[in-house]
Amino acid sequence: MTGRARVRARGQALTGSPGSGGQPGSPRRPDCSRSDEPMAVRTPQSEKEASTSCGHRETTKLTQRYGLSAGVSGCTLLERGGKTRCNFQDLGVNTRETMAHVKDCKTGFSGIPVKVVTNLYSLGLPREWQLYQYHVTFNPELESKRLRLALLYSHTELLGKAKAFDGAILFLSQKLENQVTELVSVTKRGETVNITITLTNQLVSSSPVCIQFFNIILKKVLKKLSMYQVGRNFYSPSDPVEIPQHKLTLWPGFAVSITQFENRVMLSADVSHKVLRSETVLEFMTSLYTRIDNACFIQTCEKELVGLIVLTRYNNKTYRIDDIDWCVKPTDTFPKRDGTEISYVDYYKQQYDIVLTDLNQPMLVSRLKSKQNSTVEPRVVHLIPELCYLTGLTSQAISDFRLMKDLAQEMHLNPEQRQQRLSQLADNIQRIKEARLELEMWGLQLGCQVSLTGRVVPTEKILMREQTCLPMSAGDWSKDMRNMKIIGVQPLDNWLMLCSNRNGELAENLLNCLKRVGGPMGFHIEYPRIVQVQESPMAFLRAVQQHVNPEVQLVMCVLSSNQKDCYDSIKKFLSLDRPVPSQCVLARTLNKQGMMMSVATKIAMQIICKLGGELWAVDIPLKSLMVIGIDVNKDALNKGSSVVGFVASTNSKITSPKVSVIVVRKKCIPRFFAEANRSLQNPPVGTIVDTEATRPEWYDFYLISQLARQGTVNPTYYNVVYDNSGLKPDHMQRLTYKMCHLYYNWPGLIRVPAPCQYAHKLTFLVGQSIHREPSLELADKLFYL
């Protein structure tokens, strides 16, 4: 194989499982009836971190999702407050030991060394540090966890200050004198309780249980800094950034995690922002009510809101909207823990000194799942729309160029700005006594920021039909390949162009530009059959149904707006009922007169791919190589279903193949900054890091394969979970980098290997527009670009 990304593609819809205190529960009320959101093979995890995963489970006794092993007792230590950043189920899984060729060394050698600063901090630990795990029993048995805690902690002289107890498991930083310790406590009622403390485990700092424990300690440290956990990350509501022109608020914060890296345990920290709308759910519902027909208000409201995450600012907690109860009002009552009844109005006045203004608003329903027992029915809480603020951005907001530009100015920090934020976090941990003592109590200390040496691999040559170009910039080689012929494409002789009556001139102008740019590429374009239709989705669909026949090579539609139902109906018909490659273009894109040749060039390249052509290649020495990309995406129409995309190169020989499986993660906490002229900047494209910031039990590396024109570049993380190919680590890294050159929708490098991105594009099309497996007649074309 020469590195050409000719693909075979399939999209399959698979049914999957469907996917938040201090809130009042369900009210007492009369019954009422209701009206009627990659793997590459050499094989990565997905663009959205949803691709095929290893599927390994913790081989030690990590018995609950975020619990700590209780040794022989089978109990768990759980920390309330949501998820932490680490995927603890991966801890203790050693994939590297099964691959003999990388057991002793997994690093590459090619390229120019480059010194980089990381966002990793060493975690200082005494040389012989251990965590001591005990199982605690009470006789007689006590139901109250609070009472168990109080009785045990009354023996502070014996246990010391550094202790953690969840009602069954006790962790200490110092070992007790005896294997089994017997204690006696007396309750306020004068009852005698015997306490037995049994040593079950002595844990070293690198053990999975200790890593979990460190992250729980870290969570407490951040709370001492007045930070709140929202989802996985921690934010400072006291330092908001207001963007009033878009009614948005940003909470600055951090994504943090403590993990065992190559040679030591380290803390990784990266800047994060939480986007909050200055709009409550009630304001959203009121605005929606004024814009749509009252008859469909309830249905539309539920469609828009169910599944969204909201934040209640009175306690800074997030909840998922699972339903809307239109029969419950703030004046309804619910039972308190002591059995008395209280109305929602009175509850919020007494608890938070909040006066509700709309007494007729419905209630949002959120189901809180038990973190300790997944078999227990979720607890239902009711939320007041007036007090719930929407989080995240709508699809309409994401398509607003000005809004996204204003957001980027606050969120896309350059390396210097990011480093300042990280330094501030480290300084606060050291400066604020309560936070520092939380670490020191357990013998921990935040150390220095880590620097290491990476490598910048050589620039790849781009192979065209008759020439080879060495790009001036690996991020974009469109200018370098100008006037060069592409590798191969069939002529476009029989095709159809649809446009509305008022966009006929734009369509003609586009056609002329396509013919001008096609010639130098070696792409012959005949004049199409142009059909003008009325400006409605049904008119376009009827025209497609009427004029498309098996001889048509391509259908191009010039659309007046990005109306989803029009695009979806065209793509669905041409992917399922009458399989023909299609190209949709927005009229506003064709109004950019000064950019029309550039626009036409990109459209021509997409058409070439959809006809089965090949644009460029890179030199890949391996022969008889098949490259596979797998991605998973949610189905926007069928909630609870997922779409699996499989994209593979094809070759002429069928062998008993040797396989390499690589999980690719686009989002990871580690960042790398290059030092230059007493400042920090993004490392060069092609930088590889395979030491110190990697995991000792895994065959893994980081690769920077895209040019960041704004903010800080995010490395892509590769974990080779299976490999019997015998390829040297350097060759595996170089092959991965080559694959990042072969995505035909962009004449430059991308963040993930091309097969992964192709698989993502396929699953996105099926999940958003088609909702069924596309026709196999299109399987040998990149019809989904």
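# A strand with partners, and some charged pairs

Strands β12 and β13 run antiparallel and are joined by 13 bridges. Keep in mind that you're looking at a predicted model. The protein averages a pLDDT of 85, and 87% of the residues score at least 70.

- β12 is mostly covered, with 13 of its 13 residues buried.
- Follow the side chains along β12 and you'll see L248, L250, P252, F254, V256, I258 and Q260 pointing one way, while T249, W251, G253, A255, S257 and T259 point the other way; all of them are buried.
- With β13, β12 forms a hairpin, and four residues make the link. In this pairing, T259 has M266 of β13 as its bridge partner.
- β11, which covers residues 241–243, also pairs with β12 in the antiparallel sense, over three bridges. Here E242 stands opposite T249 of β12.
- β10, at residues 233–235, is antiparallel to β12 too, and two bridges hold that pairing. Look for F234, whose bridge partner in β12 is F254.

**Salt bridges**

- How many salt bridges does the structure hold? The count is 18.
- One of them brings the side chains of E262 and K106 together, at 3.1 Å from N to O. E262 sits in the loop between β12 (248–260) and β13 (265–280), and K106 in the loop between β2 (39–41) and β3 (112–124), so this pair ties together parts that are 156 residues apart in sequence.
- Are E262 and K106 buried or exposed? Both E262 and K106 are buried.
- E262 and K106 also belong to a network of salt bridges that links them with R96 and D700.
- Another salt bridge joins the side chains of D270 and R418, at 2.8 Å from N to O. Because D270 lies in strand β13 and R418 in helix α9 (residues 415–431), the pair ties together parts that are 148 residues apart in sequence.
- D270 and R418 are both buried.
- D322 and R320 also meet in a salt bridge through their side chains, at 2.4 Å from N to O. D322 has a relative accessible area of 17%, so it counts as buried. R320 has a relative accessible area of 29%, so it is partly exposed.

**A look at T196**

- T196 is part of strand β8, which covers residues 192–204.
- The T196 side chain makes a polar contact with the side chain of E182, at 3.0 Å.
- Which residues does T196 touch, if you skip those up to four places away in sequence? They are H135, V136, T137, V180, T181 and E182.

**Backbone spots worth a look**

- The peptide bond from N139 to P140 is cis, and its omega is near 5 degrees. You'll find P140 in the loop between β4 (130–139) and α1 (145–153).
- K247 isn't a glycine, yet its phi is positive, near 55 degrees. K247 is in the loop between β11 and β12, and that hairpin has four residues between its strands.
- Why is K247 called exposed? Its relative accessible area is 59%, and the exposed label applies over 50%.
- N316 is another residue other than glycine with a positive phi, near 55 degrees. Its place is the loop between β14 (309–312) and β15 (317–320).
- N316 has a relative accessibility of 11%, so it counts as buried.

- Over residues 1–21, the pLDDT is below 50. Beyond near neighbours in sequence, this stretch still has 83 contacts in the model.
- Residues 29–86 also have a pLDDT that stays under 50. For that stretch, the model has 197 contacts beyond four places in sequence.

Key: Residues numbered from 1 in each chain as written. Predicted model: local features only at pLDDT ≥ 70, side-chain atom pairs only at ≥ 80, totals over all residues. Heavy atoms only, no water. Salt bridge = Lys/Arg side-chain N within 4 Å of Asp/Glu carboxyl O. Buried < 20%, exposed > 50% of the residue type's maximum accessible area, 1.4 Å probe, protein only. pLDDT = per-residue confidence, 0-100. Contact = heavy atoms within 4.5 Å. Polar contact = N/O pair within 3.5 Å; in protein donor to acceptor, adjacent residues only side chain to side chain. Pairing = 2+ DSSP bridges.
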